[in-house]
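User: Could you take a close look at one part of this model for me? I'd like a connected walk through it.
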Amino acid sequence: MRIEKLLSEPLKSLMYCERYINDGSPSGFTEINRTSTKTDPFGTKSSFNLKSIFENQKSFKTKGEVPNNFPLKGDEFLIHPDMENHDDINKYEKTNSILVTPTSSARTVQILNFDAPYFIKLHYDGIIGRINRKMPYRKAINGYEISKDILNIISENKLPPSFSILHERFIKTHINDATTRFTNDWSFVVRDYHPTGKTADKISYMLPLFSFWSKDRLNKKHSPFFLQYNSLWGKKSTEVILEQLIFQLIDMYFSLILFYGYQIELNAQNILLGFDNNNQPISIIFRDIMGVEKDMTIRKMLNLHVDYESKDYKTIEKEEDFNKWQIRHSFSFDFKFSYYIIAPILNGLTFIDNHSEVELKSKIKKRVKSWISQLPDDYFPSNGIWYLHEDELLVLEKRYITKKPPFLR
C-alpha cells in the first residue's frame with residue numbers, strides 16, 4: 001500500500017492494514033493458532049456476519065451507553081460465528097447479525113458500516129495466538145472502567161497532548177446464573193472508531209503500529225511504510241521518529257504509571273498512530289484497555305480511588321505480593337514495551353539512519369532514566385534482571401524466566 005491511499009481512503013486503508021500489513025507477533029503464534037478460514041484476518045474473505053442469540057433482558061448485564069446508531073436490540077447478544085456450536089449456547093437459536101470484517105486481533109471485528117464503524121471485541125473460547133480468548137465479565141469490566149477513567153484523565157493535562165484512546169463505550173454480558181445454563185458468563189465490548197484526545201480532531205488517518213514496519217502481504221513490491229515516510233520526511237526522519245514516536249511512547253507509558261498508577265501491557269497491535277493531512281504523526285492512540293493493570297500501591301500513594309468492580313483482575317499491589325509487583329513492572333516494560341514496541345522501531349531507524357544503534361539507544365535510555373528516577377526505588381527488580389515469557393502457549397501457567405541486562409534501563 002502507498003501512503004497516498006491512507007490519506008484518500010482512511011477507513012478502508014485501516015481495515016486493509018489491520019489484516020494484510022501485519023507481520024504478526026514476535027512469538028510466532030499469530031500464524032499458528034487462528035480463527036476459522038471464513039473469519040481469518042489473513043484470509044481472503046472480506047467480511048462475515050456475526051451470530052446473535054435472543055434472550056430475556058434479565059439474562060444480560062450492560063454497562064455504559066449503547067449509541068443510537070449501534071445496531072443492537074435489547075434482547076440480543078452477539079456471538080463470534082466460530083462459537084455458534086459451543087455447549088454453553090446449544091439451546092439457543094442463532095441468527096445472522098451485523099456484517100463485519102476481522103481486525104488483527106481476530107476476535108475483534110469492525111462493523112462494515114462507514115457511518116457507524118465501531119469495533120466489537122467478542123468472547124472466544126479457543127486459542128488465538130497463544131492464549132485462550134474467553135471474555136467473562138470480570139475482564140470486560142476492567143477495560144470499561146479504566147477507559148471511562150482515562151476520558152477524565154485526558155482533560156487533566158498531565159499526559160502528553162498526543163495521547164489518545166479508542167474509548168470502550170459499553171459492554172454486554174450474558175449472566176451466568178441458574179436460568180441461563182452458561183458454564184461461564186460471556187461478554188462483548190464495543191469500542192469507538194474515532195479517537196478521543198487533545199489532537200484527535202486533527203487526525204486524517206490512522207495506522208496500526210505494526211504496519212509501520214511490516215510487509216504488505218498482498219503487494220510485496222510496495223516498500224514498508226517506514227521507508228515511504230523516510231522519503232517524505234527526508235533529513236528530519238530521525239528527529240520525527242525519536243521525538244514524535246519513541247519519546248512520546250515513553251512519556252505516555254510512564255506518565256500513566258507515575259500520575260495514575262495505570263500500567264499498559266503494550267504490543268504493536270494495541271497502538272495506532274494518528275497522522276495529520278501532512279503525514280505528520282500527531283497522535284498515539286491506545287486501544288484494548290482491558291489489558292491495563294491497576295497498580296494499587298501507586299494509586300494509594302497518589303490518594304486515588306482503588307474501588308474497582310474489576311479489583312480481582314489485572315491488579316498488582318506491593319503489600320499483597322512484592323515479587324509479583326516487581327515482576328509485572330519488568331515484564332510490562334522490559335519485555336513487552338521494549339521488545340514488542342521500541343526494538344522494531346529502533347531497527348527501522350538504524351536501517352534508514354547513519355547513527356549507530358548504540359548512539360540511538362543511549363538517547364532513548366536517557367529519556368527512560370529520567371522517568372524511572374521519579375518512581376519508587378524498588379519499582380523494578382534489582383541486580384539488572386528482567387522478566388519475560390518464552391515462546392510457548394500460555395493456556396495453563398504463565399511462566400516467567402529471567403535475563404540480564406534490560407534493553408532500555
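How many cavities of 30 Å³ or more does a search of the whole structure find?

Analyst: Quick ground rules: this is a predicted model, where local features need pLDDT of at least 70, side-chain atom pairs count only at pLDDT 80 or more, and totals for chains, interfaces and linings use all residues. Residues are numbered from 1 along each chain as its sequence is written, and side-chain values use heavy atoms, leaving out hydrogens and water.

The search turns up one cavity of 30 Å³ or more. On a 1 Å grid over the protein atoms alone, a cavity is a set of points where a 1.4 Å probe fits but cannot get out, and lining residues have an atom within 4 Å of a point. The largest cavity holds about 50 Å³ of space, the volume being what probe spheres set on the points fill. Its lining is M1, I21, S214, K215, D216, H222, S223, P224, F225 and Q228, which split into four nonpolar, four polar and two charged.

Now N22, in the loop between α2 and β1 (48–54). N22 counts as buried because its relative accessibility is 5%; buried means under 20% relative accessible area with a 1.4 Å probe, protein chains only. A polar atom of the N22 side chain sits 3.3 Å from the backbone oxygen of E18. Beyond its neighbours within four places in sequence, N22 is in contact (heavy atoms within 4.5 Å) with C17, F42, S104, F210, S214, K215 and R217. Among these, S214 and K215 also line the largest cavity.

As for helix α2 (residues 10–20), nine of its eleven residues are buried, C17 and E18 among them.

How values were computed
Buried < 20%, exposed > 50% of the residue type's maximum accessible area, 1.4 Å probe, protein only. Helix = DSSP H or I, 4+ residues; strand = E, 2+ residues; numbered from the N terminus. 1 Å grid on protein atoms, 1.4 Å probe; cavity = no way out; pocket = protein on both sides within 12 Å on 5 of 7 lines; lining within 4 Å. Nonpolar A, V, L, I, M, F, W, Y, C, P; charged D, E, K, R; others polar. Polar contact = N/O pair within 3.5 Å; in protein donor to acceptor, adjacent residues only side chain to side chain.
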